[in-house]
Amino acid sequence: MDLYAVLGLPPGAPEAEIRKAYRRLARRYHPNINPGDKAAEVRFRQITAAFDVLTDPVRRRKYEEQGVVVELSEATSFGFAGFDFTRAPVSGSGASTFGDLFAEVFQQRRGRQPGTMAERGSDLHTTIDIGFDESLRGVARSVTVLRRETCRVCRGSGMRRTAESPCSRCDGTGVLRSARGHMLFTKTCGACGGTGRQVHVTCDGCSGHGVESRSETLTIGIPAGTPHGDRIRVPGKGNGGWRGGPPGDVWVTVQVAEDPRFRREGDNLHYILPVALQEAALGAKIEIPTIDGPARVRIPPGTQSGQRFRLRERGVPSPRDGRRGDLIVEIRLMLPPILDERSKDLLREFGRINGEYARETPTT
Ligand SMILES: [Zn+2]
Ligand SMILES: [Zn+2]
C-alpha cells in the first residue's frame, strides 16, 4: 500500500499537507457519513492508517526506508477524535463548519449524474482445477481476480478536489496572452474559466482515468457433484460499472481431473470390470471399487463380455438436488495367457465337449 497515494499526495509530502489531506478525505469517507458503504469504510481505514504512520516520525522513516507494508487492523476506531469541525482548515477557502463539510459530501453525491448512460461492468472469467474426489465431495477454493473498479481516491471523476491554488495554465491571472505580429491578444483561460484558481487537479490514485486495478481473492464454494466444465457465477465481483452502473460478475469454470477407474456420464459412473474366463462361466463374487469404498458384486454364471450391471445410487450426487446417479459396471472378459500344456489340454477337451458354440444360433 502506497501511503502517500492513499492520501492523494506525492511521495515525501510535508506533514502539513498530510494533515490537510487526511482531514479532507476522512470527512468524505467517514462511516458516519457513508452508512453501510463498505468501500468507504475500507477507504477510511486506509486513510487513517496512512495518517497514523506518516505523522509518526519514527514509523514514517521506517516506511520510507523499507517500504514496510502496514497491516490494517479491524480495530481502527471510527471516532471523530482528531477532527475539529468548528475550526477552519489550515488554508484555503473550503468548507469551514461541520454543516458545510457535510453539505459538500452530499453535493458530490448528487453530482454523480445517474441519468447519463450508466453502464454495467464487464464479466471476468477464470478457471479452477480440482481432483475427481474433490468434485464428488465438494470443495472450497480461492481464486484471485484482477478487477477494474472505480478509483476510490476520486470516486471515478479522475479529478481530485484540492485546496485552491493559482491556476497553473495562466499563472493565476485568468487570461492567456498570445502575440500575433505586433498585436497582443488576450483570452479567458479555459482551464480555470477565468477565475485564475484551480480547485481540481488530476487524481494521483488513477492518473485521471477514474479507474484502478485491484486484485481480490475470492473463495469459491464448489458443490458436491459438480461436473467437469460447470460454471459458477459470483455476482457483482467482476469489473466495476461506469457512471453508477452495477458491477459485472465473475464466472469460474470448474475443471475436474479424470479418474483412472471411473468415467462420468451425467450423474452416472461407468466402471469396466475385467473378469476371468471361469468367473464369467461359473459365476463369482468380485470386489469392485465404488466412490463409497469397496463393494462386492455377484457375477451370475454365464455372464457375457460387454454385459452391464447397474448399482443403484452408487453414482455421483447431483449438484442440484443431491440425488445420486448409478454405478454401471460393464463386464470385460479376459483370456489368460495360456502357455502351459495342461491348460491347453483342458481347453481342447472343453472344445470337444462344447463344439463351435460361439457361432451357433442360441436356442430360446
Ligand atoms: Zn482517481
Ligand atoms: Zn487559468
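**Close-up 1. The nonpolar surface patch that includes Leu333.** In this predicted model, Leu277, Leu333, Leu335, Leu347, Phe350 and Tyr357 make a nonpolar surface patch of about 570 Å². Patches are made of residues with over 30% relative accessible area and no salt bridge, with nonpolar side chains (Val, Leu, Ile, Met, Phe, Trp, Tyr) joined within 5 Å and like charges within 9 Å; a salt bridge is a side-chain nitrogen of Lys or Arg within 4 Å of a carboxyl oxygen of Asp or Glu, and accessible areas come from the Shrake-Rupley method with a 1.4 Å probe, only the protein chains shown counting as cover for residues. Leucine 333 belongs to strand 15 (residues 327–334), strands being DSSP runs of E of at least two residues and helices runs of H or I of at least four, numbered from the N terminus. Leucine 333 counts as partly exposed because its relative accessibility is 33%, where buried means under 20%, exposed over 50% and partly exposed in between (1.4 Å probe, protein chains only).

**Close-up 2. The side chain of aspartate 259 and two backbone nitrogens.** Aspartate 259 sits in the loop between strand 9 (250–256) and strand 10 (262–265), and with 14% relative accessibility this aspartate counts as buried. A polar atom of its side chain lies 2.7 Å from the backbone nitrogen of arginine 261, and the backbone nitrogen of phenylalanine 262 lies 3.0 Å from a polar atom of the aspartate 259 side chain.

**Close-up 3. The zinc ion (ligand 1) and its cysteine donors.** Cys151 (SG), Cys154 (SG), Cys203 (SG) and Cys206 (SG) are the protein donors of this ion, at 2.2 to 2.3 Å; donors are N, O and S atoms within 2.8 Å of the metal (3.2 Å for Na, K and Ca), and since water is not among the atoms, sites may look incomplete. The 4 donor atoms subtend angles of 105 to 113°, so the arrangement is tetrahedral, a term for four donors with all angles between 85 and 135 degrees. Cysteine 151 lies in the loop between strand 2 (139–150) and strand 3 (159–166) and cysteine 203 in the loop between strand 6 (197–202) and strand 7 (211–222), so the pair ties together parts 52 residues apart in sequence.

**Close-up 4. The zinc ion (ligand 2) and its cysteine donors.** Cys167 (SG), Cys170 (SG), Cys189 (SG) and Cys192 (SG) coordinate this ion at 2.1 to 2.4 Å, and their spacing along the chain is C-x2-C-x18-C-x2-C.

**Conventions.** Residues are numbered from 1 along each chain as its sequence is written, and chains are lettered from A and ligands numbered from 1 in the order in which they are written. Local features need pLDDT of at least 70 and side-chain atom pairs count only at pLDDT 80 or more, while totals for chains, interfaces and linings use all residues; side-chain values use heavy atoms, with hydrogens and water left out.

Definitions and conventions:
A polar contact is a pair of N or O atoms within 3.5 Å; within protein, one must be able to donate a hydrogen and the other to accept it, and residues adjacent in sequence count only if both atoms are side-chain atoms. Four donors count as tetrahedral if all angles lie between 85 and 135 degrees; four count as square planar and six as octahedral if opposite donors are over 155 degrees apart and all others between 65 and 115; anything else is irregular.
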